[in-house]
Amino acid sequence: MAQKPSIPKGTRDFSPSEVAKRNYIFDIIKNQFKTFGFQPIETPSFENLDTLLGKYGDEGDRLIFKILNSGDFLSKVAPDVFEEKDSSLLTPKITEKALRYDLTVPFARYVVMHQNELEFPFKRYQMQPVWRADRPQKGRFREFYQCDADVVGANSLLQEVELLQLYDAVFADLNLDGVVIKINHRKILSGIAEVIGAHEQLIAFTVALDKLDKIGKEGVVEEMLKNGISAEAVEKARPLLAVSSKDLDALQLLKDFLKDSEEGTKGIEELEFITHTIHSLGLKTTQVAIDITLARGLNYYTGVIFEVAAPPTVAMGSIGGGGRYDDLTGIFGLKNLSGVGISFGLDRIYLVLEELGLFPKTIDQSVQVLFVNFGAAEALAALRLAGSLRSKGIKTDLYPTDTKIQKQMKHANNRNIPYVILLGEQELANESFVVKDMEKGDQKTYSWADIDSFANLL
């Protein structure tokens, strides 16, 4: 008995309708990327393992999909390594490559390898799938697309302002209201860690803080204590865990809290510049809110960090994020090249648009006009007319066999095709065709010479 086919957890097949909806989002994002002056690049689906490891923190490293070496990958592993039963010792022996975890680190690698070919500042966009060995759940997959825009070679805060405008332009085109872009600054987080006496545990502090929305205030406290942050330090940080991102006094609280931290004060100044500038320019549909608990646990962020929250009416995690990285390329040997970037979470944006009913009604319309097949001679004439319609960009099809008319009309209904053209024996003799409006039910006759007139109505 044949085995029932399946696909790995966290992956999906996409129907024609789903592909059409995904392409709708892709096209809008790509159009705005181009409008804002970004250029496209692509990188391989897998990278050398040492390119990826150590860039996302311990938690991120555990989620990297590793690729086994080709051939007999166990033959060169010493017996004592097996006896240790330590995956950290075995892994380097059997794998040298991994699927990319995100698009930012491969982009940094790309910039370093092609630095002599690029004109800086370099603005690139990239829309490709990434893979993470995460636990699948709603809106979280093991294979998903990221749509990134980054600028390297410019440290002006105007780049952050422009990226906020880019987010806003995309969500406006998607007719998605109520999106909130949360912003914070890694220097503020570093300053907080310094003030509470946990600067040596900065990564553990930020990783725990980043989970506030998921595990709550007490959960964050528990995780900080578990990761070696002293009870005294955690107690000092408690007031910050209770501050709402909408709290108008959040910045003032930070100023007071960080008055003795030079680094933290610098972060506040940069955050104030960005928020004041974006408020003076105005946004179409999105809101910007300072969230002092926003951490984003990735190691490479050094400045402003972004996280995009879906409208509050939709139960969904972040649908985008990003930030400033002052020396990401330094890990590959190219020092002092600042960059900043954002990412759109295509799959989650799709779910939000679906839940809110924001996809255009005609998006599933893969065919606008269907010619009914009455036989060989009629089909040949239909193909000539179909060619004229297709040359004008009208999605046109001819039913492939001259089966019962009722079956062909049912096919048109099932595929939501708005117009059906009847070209039978009489129409062939008269050099005419009959157009049936499937929604209204009425019909109109045209001569072959009037095919352009009909096309102009679509």
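**Reading the sheet, the core and the cavity**

Guide: Let's start with a pair: valine 151 stands opposite valine 340 in β11. Keep in mind that this is a predicted model, where local features need pLDDT of at least 70, side-chain atom pairs count only at pLDDT 80 or more, and totals for chains, interfaces and linings use all residues. Residues are numbered from 1 along each chain as its sequence is written, and side-chain values use heavy atoms, with hydrogens and water left out.

Visitor: Which strands does β11 pair with, and how do they run?

Guide: Strands of a sheet pair through backbone hydrogen bonds, either parallel or antiparallel. Here, pairing takes at least two DSSP bridges between two strands, and strands are DSSP runs of E, at least two residues long, while helices are H or I runs of at least four, numbered from the N terminus. Strand β6 (residues 143-152) runs antiparallel to β11, with seven bridges. Strand β10 (residues 318-325) is antiparallel to β11 too, through six bridges, and glycine 320 has phenylalanine 344 of β11 as its bridge partner.

Visitor: What is the strand order of the open sheet?

Guide: Its eight strands go β1-β5-β6-β11-β10-β9-β7-β8, with mixed pairing. β1 (39-40) and β8 (287-290) stand at the edges with a single partner strand each, so one side of each has no neighbour in the sheet.

Visitor: Why is β11 described as largely enclosed?

Guide: Six of the seven residues of β11 (residues 339-345) are buried, so the rest of the structure largely encloses this strand. Buried means under 20% relative accessible area, with a 1.4 Å probe and protein chains only.

Visitor: Which residues have the most contacts inside the largest nonpolar core?

Guide: A nonpolar core is a set of buried Ala, Val, Leu, Ile, Met, Phe, Trp, Tyr and Cys residues joined through side-chain atoms within 4.5 Å. The largest has 101 residues, and Ile25, Phe33, Phe171, Leu174, Ile319 and Phe344 have the most contacts inside it. Helix α7 (residues 158-173) gives the largest share, eight residues. A second, separate core has 18 residues, including Phe371 and Leu385.

Visitor: And where is the lining of the largest cavity?

Guide: Rolling a probe the size of a water molecule over the atoms shows where empty space is left. On a 1 Å grid over the protein atoms alone, a cavity is a set of points where a 1.4 Å probe fits but cannot get out, and lining residues have an atom within 4 Å of a point. Among the lining residues are Ile192, Phe205, Leu240 and Thr293. α11 gives the most, three residues.

Terms used:
On a 1 Å grid over the protein atoms alone, a cavity is a set of points where a 1.4 Å probe fits but cannot get out, and a pocket is an open set with protein on both sides within 12 Å along at least five of seven lines; lining residues have an atom within 4 Å of a point. Buried means under 20% relative accessible area, exposed over 50%, partly exposed in between (1.4 Å probe, protein chains only).
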